[in-house]
Amino acid sequence: MPHELDGIYQVTSSTSYNGPLVKKSDGVTEIKNGQTSRRDAANCLWTSTFTILNDAEVEMISVADPSEADSDFSLTKPDGTPTREPVTYKAILKLARQGERIQLSGQVEYDNNITFLTMRKNA
């Protein structure tokens, strides 16, 4: 049975992070049965689950695994140091709908930085 969030989404983000590591997490992802698995521009694997909490909120849990990412790419640990180990991000996103269009948006707080995330399903 299809999940009500299933579809193809454009992922965009902006962050308060000002360090030397280049963030390359934007792109396109497909939610199937409430889950995604995609590689970003740095070849970092993102695996996420989306759970609808109510008519206005979705819980997102994402694991970013940079172990096969580009050699010059790293994530950051909670203390801000670079890592090639998987990192888990959790957030409650706002859910907005207009017909078949869906938008998930919110902020992910991690290692004293905030990333503003928007996911848009247009069809």
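**Reading the strands**

A: Let's begin with strand E3: Thr 36 and Arg 38 make up its covered face, while Gln 35, Ser 37 and Arg 39 lie on the uncovered one. Strands here are DSSP runs of E with at least two residues, numbered from the N terminus. This is a predicted model, where local features need pLDDT of at least 70, side-chain atom pairs count only at pLDDT 80 or more, and totals for chains, interfaces and linings use all residues. Residues are numbered from 1 along each chain as its sequence is written, and side-chain values use heavy atoms, with hydrogens and water left out.

Q: Which strand is joined to E3 by 5 bridges?
A: In general, strands of a sheet pair through backbone hydrogen bonds, either parallel or antiparallel. Two strands pair if DSSP finds at least two bridges between them. Here E3 runs antiparallel to strand E4 (residues 45-54), and Ser 37 has Thr 47 of E4 as its bridge partner. The two strands form a hairpin with 5 residues between them, and Asn 43 in the turn has a positive phi of about 70°.

Q: What is the order of the strands in the open sheet?
A: The 8 strands follow E2-E1-E10-E9-E8-E5-E4-E3, with antiparallel pairing. Strand E2 (27-31) and strand E3 (35-39) are at the edges with a single partner strand each, so one side of each has no neighbour in the sheet.

Q: Is Thr 118 buried or exposed?
A: Buried means under 20% relative accessible area, exposed over 50%, and partly exposed in between (1.4 Å probe, protein chains only). Thr 118 has 18% relative accessibility, so it counts as buried. Thr 118 is in strand E10 (residues 113-121).

Conventions: Helices (H or I, at least four residues) and strands (E, at least two) are DSSP runs, numbered from the N terminus.
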